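Here is a short report on a protein chain and its ligand.

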Amino acid sequence: MLTAAFPGSFDPPTFGHLDIILRAAAMFDRLLVVVAGNTSKKCLFSAEERADMLRSLAGERKNVRVEICDSLVVDFLRKENAKLIVRGVRGAGDFSYEAELSAVYKAMDSGVETVFMAADPGHFHLRSSFIKEIASFGGKVDGMVPPLVAEALAGKFGRG
Ligand code: ADP
């Protein structure tokens, strides 16, 4: 039974995240999408809102579970008996950050392996921070995020 965890802020989830989730769910027996609860990043959406959006988007997949994690990801993995972390990589910029992060995970738990998944080339420009910026000015984010996320963004910025 190969279990992988895909941790992130998902603030909010984008088509880029969703693509990684669906591809990883097809590769592993079980995929845990792990929403960072206590993150140093200031999030627009609460952890519950982010998890609910992810459940609506990926919940149909029987082998995908969405959880909020308020502890260290490696502790969460240990609890779930999982050793694999999936991370998406858009390009060289992402890679240097992700490589460092994987070394940090390894230092915390030598049994943990990080699996990098190449982003779909059509998703290289999808970044939650850009999408929030665009939505805050009333710009169109259809094509970048699923409709339910676009609606949630419009609601947050008082345009719903
Ligand atoms: P974090 O705060 O952990 O970086 P994010 O929600 O920004 O959380 O990203 C979670 C994971 O999803 C990271 O591995 C990131 O590289 C990946 N990711 C983000 N955007 C995309 C995208 N457009 N295509 C593929 N992977 C992505």
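## Fold

The protein chain has six helices and five strands. Both are DSSP runs numbered from the N terminus: helices are H or I with at least four residues, strands are E with at least two. From the N terminus on, the order is β-α-β-α-β-α-β-α-β-α-α. The radius of gyration is 15 Å, close to the 15 Å of the globule rule for 160 residues, so the chain is as compact as a globular protein of that length. The radius is taken over C-alpha atoms, and the rule is 2.2 Å times the number of residues to the power 0.38. Along the principal axes, the C-alpha atoms fill a box of roughly 45 × 30 × 30 Å.

This is a predicted model: local features need pLDDT of at least 70, side-chain atom pairs count only at pLDDT 80 or more, and totals for chains, interfaces and linings use all residues. Residues are numbered from 1 along each chain as its sequence is written, and side-chain values use heavy atoms, with hydrogens and water left out.

## Ligand shell

There are 17 residues around the ligand; each has a heavy atom within 4 Å of it. S9, F10, K41, G88 and L126 come nearest. Strand 1 (3-8), helix 1 (15-27), strand 4 (84-89) and helix 4 (92-108) each supply at least two shell residues. By class, the shell holds six nonpolar, six polar and five charged residues. Ala, Val, Leu, Ile, Met, Phe, Trp, Tyr, Cys and Pro count as nonpolar, Asp, Glu, Lys and Arg as charged, and the others, Gly among them, as polar.

## Polar contacts and burial

Polar contacts here pair N or O atoms within 3.5 Å. A ligand oxygen is 2.5 Å from a polar backbone atom of G88. Another such pair, at 2.8 Å, involves a polar backbone atom of F10. For E98, a side-chain N or O atom is 3.4 Å from a ligand oxygen. Taken alone, the ligand exposes 550 Å², and the protein buries 91% of that. These areas come from the Shrake-Rupley method with a 1.4 Å probe.

F10 lies in the loop between strand 1 and helix 1. F10 is not a glycine, yet its phi is positive, about 50°. P12 is found in the loop between strand 1 and helix 1. A cis peptide bond joins D11 and P12, with omega about 0°.

Technical notes: Polar contact = N/O pair within 3.5 Å; in protein donor to acceptor, adjacent residues only side chain to side chain.
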